[in-house]
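Colleague: I have a structure to go through before the afternoon. Can we walk through it together?
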Amino acid sequence: MVFRRLLRKRWVLGVVFGLSLIYFLSSTLKHLCSGGGQEERTIRDRTLLEARDSDHHIQWKIKFILGNSSRQISQCRNSIQGKRLLTDELGYVCERKDLLVNGCCNVNAPSSSQHVCKSCLANGCCSIYEYCVSCCLQPDKQPLLERFLNRAAEGFQNLFTAVEDHFELCLAKCRTSSQSVQHENTYRNPQAKYCYGESPPELLPI
Amino acid sequence: MIIRLCLLVAFLGGRLPLVGTEEDSGPFSTPFPSPLNADALLSPNCSQLTLKLDFSTKVVKHEYIVAFNGYFTAKARSDFISSALRDVDAVNWRIVRRDNPASDYPSDFEVVEIRQDARSSLLTLQDHPYIKRVTPQRMVLRSLKLTDSGTDGASPCNDTRWMQKWQSWQSSRPLRRTSLSLGSGFWHATGRHSSRRLLRAIPRHVAQILQADVLWQMGYTGSGVKVAVFDTGLSEKHPHFKNVKERTNWTNEKTLDDGLGHGTFVAGVIASMRECQGFAPDSELHIFRVFTNNQVSYTSWFLDAFNYAILKKIDVLNLSIGGPDFMDHPFVDKVWELTANKVIMVSAIGNDGPLYGTLNNPADQMDVIGVGGIDFEDNIARFSSRGMTTWELPGGYGRVKPDIVTYGSGVRGSGLKEGCRSLSGTSVASPVVAGAVTLLARFNYVPNGDYVDVAVSYSPVLWPWAGYLAVSISVAKKAASWEGIAQGHVMVTVASPAENDSEIGGEMTSTVKLPVKVKIVPTPPRSKRILWDQYHNLRYPPGYFPRDNLRMKNDPLDWNGDHIHTNFRDMYQHLRSMGYFVEVLGAPITCFDASQYGTLLMVDSEEEYFPEEITKLRRDIDNGLSLIIFSDWYNTSVMRKVKFYDENTRQWWMPDTGGANVPALNDLISVWGMAFSDGLYEGDFTMSDHEMYYASGCSIARFPEGGIVIAQTLKDQGLEVLKQETAVVENVPVLGLYQTPSEGGGRIALYGDSNCIDDSHRQKDCFWLLDALLQYTSYSMSPPSLTHSKNRVAPPTGTDRPLPQRLEGNHLYRYSKVLEAHLGAPKPRPLPACPHLSWAKPQPLNETAPSNLWKHQKLLSVDMDKVVLPDVRPYRPQVRPLSPGESGAWDIPGGIMPGRYNQEVGQTIPMFAFLGAMVVLSFFVVQLTKAKSKPKRRKPRVKRPLYLQQQQQQTPQSGKNPTV
């Protein structure tokens with residue numbers, strides 16, 4: 001009896017209503033926040049990786065040494081990873097067996113050639129990594145690379161502020177990256193996926 | 001550098017992969033696959049150092065252990081012994097006191113010293129009802145010895161410091177069994193050298209038990225090694241770390257700090273310098289934050305972060321994450337690129353155990369060191385993923401992973417802000433460092449006798465750092481009826497090209513001797529030999545092959561490989577225990593000699609068939625081969641219904657087959673007038689007194705006259721999935737047995753559901769049915785319980801319903817070995833050539849091998865008798881906590897996700913607190929009003945509705961957070 005009378009009291013009903021309202025609001029808001037946030041975040045992910053037209057600049061510090069291809073050096077860095085081919089820092093591509101002990105390509109070997117763009121397409125994407133690096137090392141690619149660096153997306157800031165010279169830039173630029181994929185787990189273009197140019201690989205339908 | 005690398009290997013070298021078969025000689029993703037066990041510690045450049053462990057026991061005079069049938073107090077034990085010895089005139093006996101903390105508790109044994117007339121006393125003692133047995137007391141002696149074979153003195157590891165250290169070990173201090181000496185942990189860790197297992201206290205720090213301090217004292221603390229940790233980040237001012245070189249963020253959250261604690265913990269195991277110490281406190285840490293606090297990550301973030309790691313010339317990269325998607329080409333290619341750039345990659349094998357076939361990528365890759373977990377009692381941790389990789393399927397036999405197992409259960413590491421915490425999971429991976437192997441040159445093998453043929457196939461160039469060396473072993477014709485053990489070794493010489501930064505200069509060669517030991521049995525009779533068709537089972541593909549049991553909604557993909565060593569392991573073990581011999585067919589049906597086998601077993605096949613296979617199988621069955629098919633569901637409407645939108649790849653996933661590829665199977669068996677239907681049924685029933693569960697299977701639509709067909713009453717699950725209606729269908733034909741009419745022809749058995757022999761999601765097994773079917777196919781014995789069953793029906797003619805057609809526009813051709821894209825419908829490819837093995841020329845030894853060689857081999861070979869295989873028989877059906885659309889996402893292996901808990905609890909605590917406060921407040925208000933109105937009387941009725949009210953407020957809240 002007491003309880004029934006109690007329930008009729010206005011303030012008791014008020015408290016019950018208030019609690020329900022608070023619960024409803026909080027759960028709805030939480031749901032909205034997480035749901036909306038997810039979507040927003042996904043959009044932001046994408047834009048993070050795309051070049052912006054704004055004046056955003058990354059502080060790159062690369063020194064291009066023009067005409068360095070003819071200089072004589074005793075030790076070479078090279079692209080290390082190739083199973084059959086390698087590119088040295090002078091832009092020579094050679095077979096692994098023609099690599100000298102100092103890391104340079106044997107320029108006299110028939111397989112060696114400098115600044116070759118074999119397998120590369122007009123959009124700056126190549127099907128063989130070593131040729132991409134070699135092509136990228138051509139002196140006339142410098143303006144293209146500088147333009148790219150000036151417009152590089154925020155997502156690449158770490159990488160391209162850490163590279164120090166033309167060779168490192170070409171090694172890093174030619175690798176497959178977030179720009180090379182569609183749907184995360186497929187290449188945009190499985191045939192020509194190593195790009196030195198500004199544009200990502202051409203999008204092929206899967 | 002090289003010395004430092006040796007050191008890290010030694011840290012974790014105490015384990016070797018425990019799962020292996022005798023004839024398997026795995027590809028070497030580490031350059032020294034076999035010597036890494038406790039009795040021979042060989043590092044790549046100091047192979048002349050061998051550590052030997054001697055173990056001997058001797059009987060202690062006059063002392064005997066009296067074992068009781070149960071646990072009794074000291075007084076009771078003493079009473080039993082004295083009452084037993086009362087009858088004998090043995091006066092000269094006493095109980096040897098054992099003063100240890102356990103003496104306060106009941107024990108089941110007593111040590112008794114009997115000086116005179118021991119024999120008769122012992123006999124009397126043994127007659128006592130409470131005494132189980134009496135055995136002489138033994139003393140166990142262990143000693144560690146260093147033998148220096150000393151052939152190559154110029155090796156870089158022949159350093160005085162190493163020698164000095166080992167010399168101190170050579171003093172061969174006998175270790176009494178009762179004392180747990182500090183140093184014993186590492187060398188005895190496998191427990192394989194003792195008939196009794198040492199019980200060790202649970203150590204506090206994993207670095208201690210693996211004896212990292214020995215190496216620290218020698219000055220190897222990891223300085224100069226760049227270690228990258230790909231995880232959830234690390235706080236800037238964490239007190240445990242002194243050498244964090246760089247922290248980078250690759251996620252969309254603008255922070256470098258760890259919000260979960262996972263990254264901090266992993267970094268702590270590697271490099272913490274105080275409290276819970278890591279292995280290499282001086283190493284240079286590079287923290288890559290690739291996971292958000294919500295554990296979200298994308299392949300593209302990894303690609304960019306990996307590029308940065310290559311640029312920074314990282315030495316060791318730890319990736320305590322994994323996912324099932326090893327067909328994520330961009331990611332997998334990038335991992336190869338990393339290892340090609342001399343980054344040593346260490347990754348957790350996954351926390352999806354104990355189901356077999358659950359290895360995660362990238363740890364299952366040949367060039368990555370995959371780390372599994374054990375607990376501090378040296379058992380494989382239950383959560384640790386296991387089995388073999390499905391990478392190379394159907395070719396070869398499978399590859400054993402993980403490469404190494406180490407402590408992964410209850411390991412202590414750095415806490416989120418400070419202090420230490422314990423975590424479990426294969427994420428507790430550690431930097432193990434591997435050397436470099438490049439070009440493979442030549443090898444020979446020396447079998448004991450010429451009873452086996454050995455063929456070796458290998459990648460022509462081992463690049464980067466890893467390749468395969470596959471050893472195929474076949475028994476020679478002349479040994480067809482011989483029984484025994486053949487052993488020998490395969491010698492591999494690896495030549496690495498000269499490099500400008502190597503100190504030695506010139507080509508480096510190293511030789512590895514792989515012991516091979518095979519047990520040979522006489523060729524079994526045809527009826528005992530079963531061929532498992534692997535070629536038509538598709539391994540986990542990038543396409544969507546839905547699960548076989550539609551009820552298991554949290555595990556949408558069929559990803560375990562469908563192999564006898566993965567999710568059909570229980571079935572395989574059952575068949576072996578029944579005396580059958582199972583072989584795996586990794587090639588088209590055209591590639592085997594059917595006259596050798598009794599039954600071809602095809603389970604849950606997703607692949608299509610070459611026309612040549614269909615004709616060959618028909619011919620084989622006319623000539624006496626039998627066939628058992630376990631099919632699964634295929635219904636195009638249901639397939640369209642179970643499509644889903646994948647958040648990670650942002651596309652619709654439409655199944656490419658059903659549970660099995662029924663239209664293709666129907667093409668295969670149509671010549672006998674058989675076909676499966678597109679019905680989808682589910683339900684419990686009893687068959688021959690066995691409880692059965694039919695989990696999303698099809699029915700038999702057509703069956704020839706004269707066959708035995710069993711029908712059951714099942715629920716129409718198709719209707720349930722499509723329209724949410726329940727309908728019971730009677731007389732659904734589920735099982736069919738048929739004897740082909742030709743002279744000496746084989747038999748065919750069909751069953752509509754594969755779930756009852758599959759380990760994943762199995763609820764009730766039906767191995768008895770498999771036995772009965774094999775009895776029928778192998779020995780032509782029709783099981784009477786089936787032939788005289790009341791459920792036997794007339795064979796269905798199936799003319800009333802059309803047979804299932806392939807789903808319009810499916811993309812099976814993308815993943816198929818049989819189909820290729822074509823204008824219009826996909827067409828079969830040309831039939832591939834059967835694999836051909838060229839048998840190596842043996843260099844046989846005498847039947848009686850020289851004793852020194854034999855000993856040497858014994859030292860190296862994996863002794864299968866003593867290897868402790870994990871005991872995983874009883875387990876419940878797997879429920880894997882993964883959302884649909886996990887393909888592009890990488891999940892932190894589940895067992896080590898305390899962060900998720902913390903986070904959600906964190907969110908809900910204020911809500912709960914608030915609600916609780918409100919309830920308490922209202923309670924007091926009610927009490928107050930009650931006290932005012934009726935101060936004397938208590939009414940129990942008041943309480944109940946209030947309680948209800950309280951519940952109403954709380955239940956929706958708990959429903960919101962089902963995971964806590």
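Predicted model: local features only at pLDDT ≥ 70, side-chain atom pairs only at ≥ 80, totals over all residues.

Colleague: OK. In chain B, how do strand 2 and strand 3 pair, and over how many bridges?
Modeller: Strand 2 (residues 93–95) of chain B pairs with strand 3 of chain B in the antiparallel sense, over three bridges.

Colleague: Which residue in strand 3 of chain B is the bridge partner of B:Arg94?
Modeller: B:Glu113 is the bridge partner of B:Arg94.

Colleague: How many residues of strand 3 of chain B are buried?
Modeller: Six of the eight residues of strand 3 (residues 107–114) of chain B are buried, so the strand is largely enclosed by the rest of the structure.

Colleague: What about B:Arg77? Where is that?
Modeller: B:Arg77 lies in helix 2 (residues 74–86) of chain B.

Colleague: Buried or exposed?
Modeller: B:Arg77 has a relative accessible area of 5%. The cut-off for buried is under 20%, so B:Arg77 is buried.

Colleague: What does B:Arg77 touch?
Modeller: Leaving out residues up to four places away in sequence, B:Arg77 touches B:Phe68, B:Phe72, B:Arg98, B:Tyr105, B:Pro106, B:Ser107, B:Phe109 and B:Glu110.

Colleague: Now the open sheet in chain B. What is its strand order?
Modeller: The order is 6-7-5-8-9-10-13. That is seven strands, with parallel pairing.

Colleague: Which strands stand at the edges?
Modeller: Strand 6 (244–249) and strand 13 (404–407) of chain B. Each has a single partner strand, so one side of each is left without a neighbour in the sheet. On average, neighbouring strands of this sheet are turned by 25° against each other, direction ignored.

Colleague: How many bridges join strand 5 and strand 7 of chain B?
Modeller: Six bridges, in the parallel sense, between strand 5 (residues 226–231) and strand 7 (residues 284–289) of chain B. B:Val229 has B:Ile287 in strand 7 of chain B as its bridge partner. Helix 8 (residues 262–271) of chain B packs on the sheet and touches strand 5, strand 7 and strand 8 (316–319) of chain B. The direction of helix 8 of chain B makes about 155° with that of strand 5 of chain B.

Colleague: Switching to B:Arg702. Which strand is it in?
Modeller: B:Arg702 is in strand 30 (residues 700–702) of chain B. Its relative accessibility is 29%, so B:Arg702 counts as partly exposed.

Colleague: How far apart are B:Arg702 and B:Thr797?
Modeller: They are 95 residues apart in sequence, and 4.8 Å apart in space, C-alpha to C-alpha. Not counting residues up to four places away in sequence, B:Arg702 touches B:Thr797 and others, including B:Gly673, B:Met674 and B:Arg801.

Colleague: Now chain A. How do helix 3 and helix 6 of chain A cross?
Modeller: The axes of helix 3 (residues 129–136) and helix 6 (residues 166–174) of chain A come within 9 Å and cross at roughly 140°. That makes helix 3 of chain A oblique to helix 6 of chain A. The crossing is right-handed.

Colleague: Which residues meet there?
Modeller: From helix 3 of chain A, A:Tyr129, A:Cys132, A:Val133 and A:Cys136. From helix 6 of chain A, they meet A:His166, A:Phe167, A:Cys170, A:Leu171 and A:Cys174. By class, that contact has eight nonpolar, one polar and no charged residues.

Colleague: And how many residues of helix 3 of chain A are buried?
Modeller: Eight of the eight, so helix 3 of chain A is largely enclosed by the rest of the structure.

Methods
Residues numbered from 1 in each chain as written. Chains lettered and ligands numbered in written order. Heavy atoms only, no water. Axes fitted to C-alpha atoms, helices over the stretch in contact; angles between N-to-C directions. Helix = DSSP H or I, 4+ residues; strand = E, 2+ residues; numbered from the N terminus. Parallel < 35°, antiparallel > 145°, perpendicular 65-115°, else oblique. Left-handed = near helix turned anticlockwise from the far one by under 90°. Contact = heavy atoms within 4.5 Å. Nonpolar A, V, L, I, M, F, W, Y, C, P; charged D, E, K, R; others polar. Buried < 20%, exposed > 50% of the residue type's maximum accessible area, 1.4 Å probe, protein only. Pairing = 2+ DSSP bridges.
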